[in-house]
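I opened the notebook to look up one ligand site and the space around it. My entries follow the order in which I checked things.

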Amino acid sequence: MDCIFCKIVRGEIPAKLVGETEYSIAFKDIAPRQPVHILIVPKNHSRDITELAAKDPDALVDLVRLGTKLAAEYSTGSFRLSFNTGAEAGQSVFHAHGHITSTTPKPVQ
Ligand code: 5GP
Ligand code: ZN
């Protein structure tokens, strides 16, 4: 399938991976809009988060868990987890994904 996030999942396009589980991968957004900007992506293709919730609730729970774990690692604890759903809401990649964004990155130890 000609889907950019499926290609990243398959390793056909490089990405800065920051986490992986059985169901999900996480990588840095190519055009970060906050000091912390990580994308959490289910390995199996769904159009958006509503389709993922309907098709594979276990994958949705896993996505939220991986996102909150990475938010704790990369931010000081204040963050947003957001899902643009539909073109008019700003969705530009039609493979479900969550954005972890934070204005307060954790200082490097
Ligand atoms: P959306 O606008 O669909 O909610 O979010 C898609 C996000 O994917 C955008 O923030 C965009 O910067 C990011 N993005 C698009 N193409 C790539 C890519 O090839 N690699 C990475 N790492 N991020 C991408
Ligand atoms: Zn896909």
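Which residues lie nearest the centre of the largest pocket, and how many line it? I found 28 lining residues, with Lys 28, Asp 29, Ile 30, Ala 31 and Leu 39 nearest the centre. The model is predicted, so I noted the terms: local features need pLDDT of at least 70, side-chain atom pairs count only at pLDDT 80 or more, and totals for chains, interfaces and linings use all residues. Residues are numbered from 1 along each chain as written, chains are lettered from A and ligands numbered from 1 in the order written, and side-chain values use heavy atoms, without hydrogens and water.

**Pocket.** I looked up how a pocket is set: on a 1 Å grid over the protein atoms alone, it is an open set of points where a 1.4 Å probe fits, with protein on both sides within 12 Å along at least five of seven lines; lining residues have an atom within 4 Å of a point. The largest pocket holds about 530 Å³, a volume filled by probe spheres set on the points. Helix 1, strand 2 and strand 3 (36-42) each give two or more residues to its lining. Strand 3 has the largest share, 4 residues. I sorted the lining into 17 nonpolar, 7 polar and 4 charged residues.

**Ligand.** Ligand 1 takes the space of the largest pocket (more than half of its atoms lie within 2 Å of the grid points). I counted 17 residues around ligand 1 (a heavy atom within 4 Å). Asp 29, Arg 33, Asn 84, Ser 92 and His 99 are the closest. Helix 1 (4-9) and strand 2 (24-28) each supply at least two shell residues. Helix 1 gives the most, 3 residues. The shell divides into 8 nonpolar, 6 polar and 3 charged residues.

**Contacts.** Ser 92 has a polar backbone atom 2.7 Å from an oxygen atom of ligand 1. For Gly 90 the distance to a ligand 1 oxygen is 2.9 Å. A backbone N or O atom of Ile 30 lies 3.2 Å from a ligand 1 nitrogen. Alone, ligand 1 exposes 520 Å², and the protein buries 88% of that (Shrake-Rupley, 1.4 Å probe).

Definitions and conventions: A polar contact is a pair of N or O atoms within 3.5 Å; within protein, one must be able to donate a hydrogen and the other to accept it, and residues adjacent in sequence count only if both atoms are side-chain atoms. Ala, Val, Leu, Ile, Met, Phe, Trp, Tyr, Cys and Pro count as nonpolar, Asp, Glu, Lys and Arg as charged, and the others, Gly among them, as polar.
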